[in-house]
Amino acid sequence: MRKWFFLSIGQKYLIGLTGLGLALFVLLHMLGNLLIFAGDKAYNLYMHQMVHGKAAFFIQVGLLAAFLLHIILALFLSVKNYFSRSEKYARQASGWKATAWYQKSLIFQGAIILVFVVLHLITFKFGTYYEVVYEGKTIRNLFQLVVEEFQKPVTVLWYLIALLVLCVHLFHGLISSFQSLGLSHPRFDFWIKKLSFGYAVFVTMGYVSLPLYVFFFMTEKGG
Amino acid sequence: MLLKLKIWRQKRGQKKGSFENYEMDHLSPDMSFLEMLDQLNEDLVGQKKVPVAFDHDCREGICGSCSLVINGNPHGPHAGSAVCQLHLRSFKDKEEIWIEPFRAKAFPVLQDLIVDRSAFDRIIQSGAYVSVNTGQAPEAHSILVEKAKAEEAFSHAACIGCGACVAVCKNASASLFVAAKVSHLALLPQGKVEKKARVLKMVKQMEKEGFGACTNTGACSRACPKEISLHSIARMNREYFKSIF
């Protein structure tokens, strides 16, 4: 059993499982974000619940663990893969036998997403702490910070780029996870591909809508 | 037709090599790619130069000996065929063609375009067999095999072990090769008995040889002269998972 995880297939299992977990997280996070359209109260109360709810601690620890495991294993395998070819080809495969750019660049996509997540946490989770009072209870006014941040064109542009990268990563990542976990089969292949594409596009559209909406239709006062 | 060849030359026992230019004129488009190399070697021998070393045997796409990377594509540009089935009509007159050996840490270059693929033999030795008592061939109908299973097993058994999957993979992974063997034997009743131990032993040996891990790009299956399906890797992953229990 211990040996099982030391071979690349076992490690790929873990990358796939943690990847699927993270894919579920990005969907839920995106759905939560959409509350911005329901106004500041709904958004702030939801975010408060996410951080202070009973399960929040366990969810955050689980997320961090999945994230770290996914990154460490992917890095480890990427280094190993890099060294499995000592001399590079003078010409790259072309046409039918070529490897798609988005499949070659997974680790770089991951690096961009990692930088994005760190900056995202600094900006929002550990960013300016505004307060707001709802029915006598003082909670964090994250809504105000979000509106403030997405007035900056550079921030909006960076979010759009990073989210596009996430979309590409999700698309290949989902198909790849099913394959790594041995779940792909001639009968479901068509649907796995369609589902992965739909999922990646749906999640990205949902995310992208927030900064774009704030940038074009809201002012700093939140109106 | 005229072709401008850039061929990887590497002396036996040396770790470094380089490309050398050769121009071949008056070639027939109906010549096979390997016949062109034969012609080149005859010319080189005539000029008292060292001929280009390359692997070949059956020249009908079933032995898995030929192992050239042509303009970056293992076995050339066409799907489902080996270098020996490639003809000059697939190229344009005066085209520049880069010919390289399969490149992978586990496939060291022996000379020019010949690589040592004995890593595959060691993977086979580690588990791609069934332990049966030899003797008289058993009655064929004594072990029943479902037609669909037999067909699927045969589609995996079609692997000729050429190593194009390793050559084209960005990670130089041997997953498709190992998966083809694992799937072929796991599907048949004779191979089922040892399937748990087999998958572990073969995957372990694959890693020991220095092949990379699978990133599910599918390039291996597209470069495979026998078009082994990527589903074999999914099956290997399933078999690997089941081997814990």
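Visitor: Strand E1 (residues 3-9) of chain B: why call it largely enclosed?
Guide: Because 6 of its 7 residues are buried, strand E1 of chain B is largely enclosed by the rest of the structure. Buried here means under 20% relative accessible area, with over 50% being exposed and anything in between partly exposed (1.4 Å probe, protein chains only). Strands are DSSP runs of E with at least two residues, helices are runs of H or I with at least four, and both are numbered from the N terminus.

Visitor: What sort of model is this, and how is it numbered?
Guide: This is a predicted model, in which local features need pLDDT of at least 70 and side-chain atom pairs count only at pLDDT 80 or more, while totals for chains, interfaces and linings use all residues; side-chain values use heavy atoms, without hydrogens and water. Residues are numbered from 1 along each chain as its sequence is written, with chains lettered from A and ligands numbered from 1 in written order.

Visitor: Back to E1(B). How many bridges join E1(B) to E2(B)?
Guide: There are 7 bridges between E1(B) and strand E2 (residues 18-24) of chain B, and the two run antiparallel. Lys6(B), for instance, has Asn21(B) as its bridge partner in E2(B). Strands count as paired if DSSP finds at least two bridges between them.

Visitor: And E5(B): parallel or antiparallel to E1(B)?
Guide: Parallel, with 5 bridges joining E1(B) to strand E5 (residues 95-101) of chain B.

Visitor: In what sense do E3(B) and E5(B) pair?
Guide: Strand E3 (residues 68-70) of chain B pairs with E5(B) in the antiparallel sense, over 3 bridges. Ile70(B) has Ile99(B) as its bridge partner in E5(B).

Visitor: Switching to helices. Where is Ala180(B)?
Guide: Ala180(B) is in helix H5 (residues 175-187) of chain B. With a relative accessibility of 1%, Ala180(B) counts as buried.

Visitor: What is Ala180(B) in contact with?
Guide: Apart from neighbours within four places in sequence, the contacts of Ala180(B) are His156(B), Cys159(B), Ile228(B) and Ser232(B). Contact means heavy atoms within 4.5 Å. As for Val52(B), 128 residues away along the chain, its C-alpha atom is 32 Å from that of Ala180(B).

Visitor: Arg235(B) next: buried or exposed?
Guide: Arg235(B) is buried, at a relative accessible area of 15%. Arg235(B) belongs to helix H9 (residues 231-242) of chain B. Again leaving out neighbours within four places in sequence, Arg235(B) is in contact with Glu152(B), Ser183(B) and Leu187(B).

Visitor: Now chain A. How many helices and strands?
Guide: Chain A has 8 helices and 2 strands. From the N terminus on, they follow the order α-α-α-α-α-β-β-α-α-α.

Visitor: What does the C-alpha trace of chain A span?
Guide: About 65 × 40 × 35 Å along its principal axes. Chain A has 223 residues, of which 41% count as buried.

Visitor: And what share of the contacts in chain A is between residues 24 or more positions apart?
Guide: Such pairs make up 72% of the contacts in chain A with a separation of 6 or more.
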